[in-house]
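Could we go through the charged side-chain pairs in this one together?

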Amino acid sequence: MTALLRVESLDARHGLLQAVREVSFEVAEGETLALVGANGAGKTTLMRTVAGGHRPSGGRIVFGGADITRLRAHQRVELGIALVPEGRRLFPGMTVRENLLVAARGQGRWNVTAVVEAFPLLEPLLDKRAGSLSGGEQQATAIGRALMTNPRLLLMDEVSLGLAPVAVDAVYRSLQILIDEGATIVLVEQDLSRALRVASRVACLLEGRIVLEGTPAELTRERVTEAYFGLRRAGVAG
């Protein structure tokens, strides 16, 4: 299967701190890859580097067969990469509808009507300011805003972080719709149970490196937990 995204020996730094170390992975069209790992494992830096928000210090990023390593974030959006950032980063003074429309790009599956169909909780909120929404409502808006770019690849950082369980359930119901439709997704998730349920493949990061990778069928929860906390070097599943 041809990879839509290919990351090759990627390094990324914050000054003297190397946050991502020699990371390599591929994501095929229609696949959902879950990146898991403890705080400080390098997940957010990796996602921002793929999205173009952080410059790599080494390695290569290939998307749709083209080397995009040196492209800026807005150029990657035009190619079809969209990031739902940690913390959502909405425009709080704008309405939900305005937050969606500001990201609208090109012709494709996603417009305001389609986003509301996928995230029905947003329908009564379209004319409310984003800053007045609950965490779950803001997360749904942030995902909808990314979808409005009609992406080929959706990057989602910390899907459930800080959300109440009922809000997480609602977000994941809508996320499952995207997965069932064949969306290509890379998601960062600290909830191992959620990650193992929705992902085609799981990769665990520890200290900036992928220390375990495989399908949910190949990986037991115990093995992922050991890799997650660095209890032992788990190796890489082929």
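Here is a short exchange about its salt bridges.

Student: What should I know about the model before we start, and how are residues numbered?
Tutor: It's a predicted model, so to speak: local features need pLDDT of at least 70, side-chain atom pairs count only at pLDDT 80 or more, and totals for chains, interfaces and linings use all residues. Side-chain values use heavy atoms, with hydrogens and water left out, and residues are numbered from 1 along each chain as its sequence is written.

Student: How many salt bridges are there by the rule used here?
Tutor: Side chains of opposite charge can pair when their charged atoms come close. The rule asks for a side-chain nitrogen of Lys or Arg within 4 Å of a carboxyl oxygen of Asp or Glu. By that rule, the count is eleven.

Student: How far apart in the chain are Arg60 and Glu8?
Tutor: Their closest N and O atoms are 2.9 Å apart, in a salt bridge. Arg60 is in strand E4 (residues 58–63) and Glu8 in strand E1 (residues 3–14); strands here are DSSP runs of at least two residues, numbered from the N terminus.

Student: Is Glu8 buried, partly exposed or exposed?
Tutor: Buried means under 20% relative accessible area, exposed over 50%, and partly exposed in between (1.4 Å probe, protein chains only). Glu8 has 24%, so by those cut-offs it falls in between. That makes Glu8 partly exposed.

Notes:
Helices (H or I, at least four residues) and strands (E, at least two) are DSSP runs, numbered from the N terminus.
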